[in-house]
Amino acid sequence: MKPLEQWLAQAPRVPLGTWPTPIHRLARIERQLGCEGVYIKRDDMTGLGLGGNKVRSLEFILADALAQRADTIFAAGPQQSNLCMLVASACAKLGLRCVLVCNGDPPPTETGNLLLNRLLGAEVHFIGHTGEPECIVRDVRAARVNELELECSASGGHPYAVKNGATTGHGALGYANAVLELCAQCGAENIALRHIFAPGGNGGVAAGLVYGNALLGFPFEVHIISVEDDAATLTANIANTIAQTVEITGLAFEYEVPRACRVIDAYRGGGWGCNTQESEAMVLQFARMEGVFVENIYTSKVLVGMLDLLRSGAVSGPSCFIHTGGTGSLFSQYEHKAPEA
Ligand SMILES: *Cc1c(COP(=O)(O)O)cnc(C)c1O
């Protein structure tokens, strides 16, 4: 057993998801590309709420919360935050109070993840329209969470805030563990996987994959497709998060991030939430070819990148798209415009 495997086996973890998530081939995509061995790992089917990557992170983050005797969990994000929906789902399952802080004003009709948060019984606070860019709005949200945490403590509660969109040292353990899961799954199902592709937002998924892959002896080549920042910024965020994870596990990461994975920023277009022509088309193409939903912010850009690199021959060999979910937000992404037929 590798030290990471040993460490993870004893790590505090709250069971929230259904593991392993399925892996299967994308037969029609393979035919279209003219290459064999194109896989998808269904982390959109993690078994809680509408599924998604953050179930993996929350298993470790909420274990930390419970160790601190928390009874009220705070999370913050944009209105369609997948994290908020999954925190609300996890709190329901664990019998904890959930308080969410979201951007903007309450919309006249709640759709997508906002609707799900309501169905899940979460308490939602809106910070109002500040007109500022997301990098400033996130500080406004965090300040509001702080205030609400103080109120919670003052009335005898035990608050715990999920920080930085779950991109934390504990959160990254989820995807370090996913590498282990994928290795076992490839062994059991006789899959000779070489490349894995995942999105980079804040970099929590990426940090976990890169750290886990390195500590397990590089079973895969990790490709991170940025959906938000330029490669240098995302790389720095990944390194930062890995440093936090090392503090927790005590297992050193002795590599430079750019040498332990490929961080690719060529497919992000205008950045977070800004569709590209290709990513918009991919939402429809993928649904219609494979019967699987991806959405515009995270997952479609990764598929565009992976398929482009396979098509051009820049990457070759069995490859797997890690589908990180986001299905709840899809319902809100066509409010103003129906997709082309
Ligand atoms: C949050 C999220 C990600 C990105 O995660 P980071 O750890 O912030 O890079 C990817 N896909 C979906 C669907 C998400 O909700």
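This is a predicted model: local features need pLDDT of at least 70, side-chain atom pairs count only at pLDDT 80 or more; totals for chains, interfaces and linings use all residues.
## Packing of α4 against α5

Helix α4, which spans residues 82-94, and helix α5, which spans residues 112-119, have axes that come within 9 Å and cross at roughly 15°. Since angles under 35 degrees count as roughly parallel, α4 and α5 are therefore roughly parallel to each other, and the crossing of the two helices is left-handed.

On the α4 side the contact is made by Asn82, Cys84, Met85 and Ala88, which meet Asn113, Leu116 and Asn117 of α5. The residues of this contact comprise four nonpolar and three polar ones, with no charged residue among them.

## Aromatic pairs

Across the whole structure, a search finds five aromatic pairs. In one of them, Tyr211 and Phe253, the ring centres are 6.2 Å apart and the planes stand at 45°, so the pair is tilted. Tyr211 belongs to helix α8 (residues 204-215), whereas Phe253 sits in the loop between α9 (231-249) and α10 (257-260), so the pair ties together parts that are 42 residues apart in sequence. Both Tyr211 and Phe253 are buried.

The pair of Trp272 and Tyr298 has ring centres 6.4 Å apart and planes at 75°, so this pair is edge-to-face. Trp272 is found in the loop between β9 (262-264) and α11 (277-290), and Tyr298 in the loop between α11 and α12 (299-312), so the parts that this pair ties together are 26 residues apart in sequence. With a relative accessibility of 32%, Trp272 counts as partly exposed.

## Aromatic cluster

Tyr211 and Phe253 also belong, together with Phe218 and Tyr255, to one aromatic cluster.

Terms used
Residues are numbered from 1 along each chain as its sequence is written. Side-chain values use heavy atoms; hydrogens and water are left out. Axes are lines fitted to C-alpha atoms, for helices over the stretch in contact, and angles run from 0 to 180 degrees between N-to-C directions. Helices (H or I, at least four residues) and strands (E, at least two) are DSSP runs, numbered from the N terminus. Angles under 35 degrees count as roughly parallel, over 145 as roughly antiparallel, 65 to 115 as roughly perpendicular and the rest as oblique. A crossing is left-handed if the near helix is turned anticlockwise from the far one by less than a right angle, and right-handed if clockwise. Contact means heavy atoms within 4.5 Å. Ala, Val, Leu, Ile, Met, Phe, Trp, Tyr, Cys and Pro count as nonpolar, Asp, Glu, Lys and Arg as charged, and the others, Gly among them, as polar. Rings of Phe, Tyr and Trp (its six-membered ring) pair if their centres lie within 6.5 Å; planes under 30 degrees apart count as stacked, over 60 as edge-to-face and the rest as tilted. Buried means under 20% relative accessible area, exposed over 50%, partly exposed in between (1.4 Å probe, protein chains only).
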